[in-house]
Amino acid sequence: MSELKGIYALWYRETKVFLRERSRVISSIINPLLWLLIIGFGLGSVVSFDNVPYQTFIYPGVLIQTALFSSVFFGVYIVWDKKIDFMKEVLVAPMRRTSLFVGKILGGSTDTFLQLLILFVIGFVFSAGGIMPSLHLTVLSVLISLGFLLVTTVGLVSIGLIIGSQMESPEGFQLIISFLIFPLFFLSGSLFPISNLPTFLAPFIFVNPVTYAVDGIRSVIVGSTGKVMVGSIQLSPAFDFLVVTSFSLVMIGIGTYAFKKMKI
Amino acid sequence: MSIIETKNLTKKFEKMTAVDNLNLQVEEGEIFGLLGPNGAGKTTTLLMLVTLKPPTSGSATINGFDIVQQADKVRKSIGIVFQDPSSDEILTGYENLKLHGWLYDMPDSLREERIKEVLSLVDLNDRKNDRVKKYSGGMRRRLELARGLMHHPKVLFLDEPTLGLDPQSREHIWKYIENLAKEKNMTIVITTHYMDEADKLCDRLAIIDHGKIVVLGAPKKLKKDLGGDIIRLKAEALDVEVLRKLPYVKEIKPCDGEVCLTVEDANAHLQEILKVVGKIDSVEIRTPTLDDVFLHYTGRAIREDNPEGSWAEKAMTARARNE
């Protein structure tokens, strides 16, 4: 009972703070919009894959990008918590470290999900307005996508928290994160189909868990265009989901351990 | 068994020993003070006792639980007010207190009742719905205090509780702390570098310097042990040797370019001393303070430099988070 209350307290705090920091909310929406409007439509005027226009093609990628950046970056707040003494106040409370980790995951995931929901609304508007044709946003496809995004987000928030729990300064955190985020994003098939890639890139793409999240979401809301192929076989969304879930479970495991070892 | 016991509690950082083989027993219901200059090891001792920093060697128990092996149980028995700000400044004062109530699993009705109580104690009732960001340094300090006092733990640690507060607020806080100890039989450990605070509040105190206990006892007794009153003399030419021969002069020490004598029953002997000394510029008689106790045992005064700078610095760091 007490653990649940503590988890709720942490979630409450993160969510309140997120909603009150207008700049965070606004930038989190502007950024994906820029990708869709500038990169999507800019390249969309010359690029399409199997009659799927580029802006539609990258929509799942932009969803994942939002999840990726927002989730991993969330870890910086734990560095700030350590800098001010908020972390001491929490660590000295009669609550398990695991609950602290869970509370933080819930907080970070909520932040990310609020942004993703807005992106889905934008997706609906664009697709209904005809500027993102061939986007299949049905109740089922959105639910499946949200499932993928949820599991991915939890794993990614964990990554951010793991790194944050070990770092002393926000600057150091940001440095490490940018080394991590960009490869994860660019090597995920978010921006281009990953069939027919040069062989030196292929291994990186296949070990990147984000690849499978993009692949799963794209297969339900765009279709088979740009699907990941192993030989001549397409990966099934179920397989994608399995990979992403395993990734998140491993990250939660490492995160729990990292929080137990965290020093202030 | 004492409610707090430390056995050779030691904390070493890379090059320095912050806490050096500390042996302490604090009894239940007692207000115990750790008095010493900044950097004496008070805060490090506290952080070890509240399970936030592991000791390098030695051990300690609180409420019978080991601070390393049974940290969970220790945390259930304690509360602490930190020296540095630890509230979330994007939340309101009230929300910070509510958060604390949740973290400590307080029943809802009790939580709301206590929030009201502590808010009026620290005089923040009419600002409770403002974000902490908008609070002044003193208000933030009072909020921290309010929060620490909220859940009535068995042992309450206060790290420099009235740092940077105005005299009136300090009086309020002292009274509340005294009541907690008396009425709830709460054990309270405070660190302070304010002599008057330690003197007024503590049943017993340990004077700490360089991580070691210099002397320990009730403030009254410590002062009495000095063996008399203090006479402070300023004179151009002072014959110390003559003074030394007087049987009732216990100690002669230079202090800030003047001379301080410890004298048994100073009022009775003042006339005689003045006669011996001859022409003087000024004289002052007073009963000893804890500062004199500290001076007696360490040979120097407690530095009165105000650590408020670091407090303000931290607050600024916290603010930078929003920018």
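Mentor: B:H152 sits in the loop between α5 and β7 (155-159) of chain B; helices (H or I, at least four residues) and strands (E, at least two) are DSSP runs, numbered from the N terminus. This is a predicted model, in which local features need pLDDT of at least 70 and side-chain atom pairs count only at pLDDT 80 or more, while totals for chains, interfaces and linings use all residues. Residues are numbered from 1 along each chain as its sequence is written, and chains are lettered from A and ligands numbered from 1 in the order in which they are written.

Although B:H152 is not a glycine, its phi is positive, at about 45°. With 14 other C-beta atoms within 10 Å, B:H152 is partly exposed (buried means 20 or more other C-beta atoms within 10 Å of a residue's own, exposed 12 or fewer, and partly exposed in between, with C-beta atoms placed from the backbone). B:D123 is another non-glycine residue with a positive phi, of about 65°. You will find B:D123 in the loop between α4 (108-121) and α5 of chain B. Because B:D123 has 14 C-beta neighbours inside 10 Å, it counts as partly exposed.

The axes of helix α3 (residues 93-103) of chain B and helix α5 (residues 137-149) of chain B come within 10 Å and cross at roughly 25°. Here axes are lines fitted to C-alpha atoms, for helices over the stretch in contact, and angles run from 0 to 180 degrees between N-to-C directions. α3(B) and α5(B) are therefore roughly parallel to each other (under 35 degrees is roughly parallel, over 145 roughly antiparallel, 65 to 115 roughly perpendicular and the rest oblique). Their crossing is right-handed, a label used when the near helix is turned clockwise from the far one by less than a right angle; left-handed is the anticlockwise case. On the α3(B) side the contact is made by B:G93, B:N96, B:L97 and B:H100, and on the α5(B) side by B:L143, B:A146 and B:R147 (contact means C-beta atoms, placed from the backbone, within 7 Å). By class, this contact has three nonpolar, three polar and one charged residues; Ala, Val, Leu, Ile, Met, Phe, Trp, Tyr, Cys and Pro count as nonpolar, Asp, Glu, Lys and Arg as charged, and the others, Gly among them, as polar.

An open sheet of four strands runs in the order β2-β1-β4-β5 (chain B), with antiparallel pairing; strands pair if DSSP finds at least two bridges between them. At its edges are β2 (17-26) and β5 (65-66) of chain B, each pairing on one side only. Strand β1 (residues 4-12) of chain B meets β2(B) in the antiparallel sense over six bridges, and the two form a hairpin with four residues between them. Within that pair, B:L22 in β2(B) is the bridge partner of B:L9, and B:K11 stands opposite B:V19. β1(B) also pairs in the antiparallel sense with strand β4 (residues 57-62) of chain B, over five bridges, and there B:E5 stands opposite B:T61.

Another open sheet of four strands has the order β12-β13-β11-β14 (chain B), again with antiparallel pairing. β12 (249-255) and β14 (282-286) of chain B stand at the edges with a single partner strand each, so one side of each is left without a neighbour in the sheet. Neighbouring strands of this sheet are turned by 20° against each other on average, direction ignored. Strand β11 (residues 229-234) of chain B pairs with β14(B) in the antiparallel sense over five bridges, with B:I231 opposite B:I285. Helix α10 (residues 266-277) of chain B packs on the sheet and touches β11, β13 (258-263) and β14 of chain B. The direction of α10(B) makes about 25° with that of β11(B).

To place all this in context, chain B has twelve helices and 14 strands, and its C-alpha atoms fill a box of roughly 70 × 40 × 40 Å along the principal axes. Of its 323 residues, 42% are buried.

Technical notes
Contact = placed C-beta atoms within 7 Å.
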